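Please walk me through this structure, one part at a time.

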Amino acid sequence: MDSFIESDQEKDCYNSFKGNEHLGQIGSITHVSEDLWMSIVDWLMKVHNGAELPPSILYRTINIFGRSVSRSTDLMDYDELCQLGFASMVLASKYEDICDLKMNLFLCIPKPDKIEELWKKEELILMKLQWNLTVPNPYYFLFVRFIKFVTSDEKMENMNFFFAELGQMLYGVMILKNPSMIAASALYAARCTLKESPAWNETLERHTEYSESDIKHSAKLMVRFHTGAATRHDLKAVYDKFSSPKWSSVALCQPAMDLLED
């Protein structure tokens with residue numbers, strides 16, 4: 001880990017994202033229950049997985065969706081939130097400039113069923129966010145930064161993304177938290193689950209700029225969700241995805257019970 005080297009350009013990019021990551025925070029959401037939030041995010045993950053979109057789009061989708069919901073006081077039911085979430089995913093896809101063929105297949109998904117309605121939702125989101133979609137999210141910090149100096153091991157890398165995606169489901173992890181803290185918490189949860197020793201050290205603290213005590217609470221929430229994921233009948237998009245050999249079947253690993261007992 002101490003051999004991690006980055007160019008001046010990479011340092012400047014990281015410093016810029018780190019300095020502006022507060023813009024990527026999802027604000028307080030008092031008019032959407034945690035259960036409803038989890039249901040919508042789980043549905044968005046199923047849509048994302050089914051459309052085989054790049055992983056960066058998932059994180060940007062949830063960031064756009066969460067920030068737009070936090071800036072609204074309107075009460076919305078499940079269907080309305082699904083429409084808003086789907087519009088967020090289309091905006092994220094346009095931002096990432098996915099290919100025309102994949103976009104056409106993506107738009108065949110039946111919700112919302114009217115393209116005109118989708119356009120109105122997109123316009124509403126852009127107005128609420130003042131057209132600012134270029135904000136840091138956990139994917140940047142985890143994929144571009146943290147994983148590079150932690151490991152070249154595929155299983156550890158997949159475990160990091162497993163917990164990062166689990167974290168997107170959880171109020172206590174997502175709301176009013178900086179994206180880099182969410183990414184660091186996922187990294188810590190992954191290391192605890194794979195029994196890396198020590199789970200956190202000075203090198204990790206220096207590169208992430210978080211102490212173990214800073215991230216332990218969010219990591220515990222992620223691990224606690226992991227402990228019950230196998231027996232749930234709902235909210236299984238992340239668990240099912242990462243149970244696949246494609247992702248080293250990391251979801252099937254024994255949860256880090258030691259962290260919960262700490």
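Helices (H or I, at least four residues) and strands (E, at least two) are DSSP runs, numbered from the N terminus. The expected span of a helix is 1.5 Å times one less than its number of residues. The model is predicted: local features need pLDDT of at least 70, side-chain atom pairs count only at pLDDT 80 or more, and totals for chains, interfaces and linings use all residues. Residues are numbered from 1 along each chain as its sequence is written, and side-chain values use heavy atoms, with hydrogens and water left out.

Start with helix α6, residues 115–128. It has 14 residues. From first C-alpha to last it reaches 20 Å, close to the 20 Å expected at 1.5 Å a residue. Next comes burial. A residue is buried under 20% relative accessible area, exposed over 50%, and partly exposed in between (1.4 Å probe, protein chains only). In α6, the buried residues are L118, K121, E122, I125 and L126. Seen down the axis of α6, they fall within an arc of 135°, so they line one face of the helix. That arc is taken from the directions from the helix axis to the C-beta atoms. An α-helix has 3.6 residues a turn, so residues three or four places apart point the same way.

The face of α6 turned away from the buried side carries W119, K120 and M127, which are exposed. What covers the buried residues? Among the covering parts are α3 (55–70) and α4 (78–96). Just after α6, Q130 takes a positive phi of about 55°.

Now turn to K18, in helix α1 (residues 8–19). K18 counts as buried, at 19% relative accessibility. Its side chain makes a polar contact with the side chain of E21, at 3.1 Å. A polar contact is a pair of N or O atoms within 3.5 Å; within protein, one must be able to donate a hydrogen and the other to accept it, and residues adjacent in sequence count only if both atoms are side-chain atoms. Leaving out residues up to four places away in sequence, K18 touches F141, S180, T208, E209 and Y210. Contact here means heavy atoms within 4.5 Å.

F141 leads on to the aromatic rings. Rings of Phe, Tyr and Trp (its six-membered ring) pair if their centres lie within 6.5 Å; planes under 30 degrees apart count as stacked, over 60 as edge-to-face and the rest as tilted. The structure holds 12 aromatic pairs. One of them joins Y140 and F141 edge-to-face, 5.2 Å centre to centre with 80° between the planes. Y140 is buried at 11% relative accessibility, and F141 is buried at 0%. Another pair, F143 and F161, is tilted: 6.2 Å centre to centre, 40° between the planes. This pair links distant parts of the chain, 18 residues apart: F143 lies in helix α7 (residues 138–150) and F161 in helix α8 (residues 154–167). F143 is partly exposed at 37%, whereas F161 is buried at 7%. Ring pairs link Y59, Y139, F143 and F161 into a cluster.

Helix α8 is the last stop. α8 is mostly covered, with 11 of its 14 residues buried. Among them are M156, F161, F162, F163 and L166. At the start of α8, a side-chain oxygen of D153 reaches to within 3.2 Å of the backbone nitrogen of K155.
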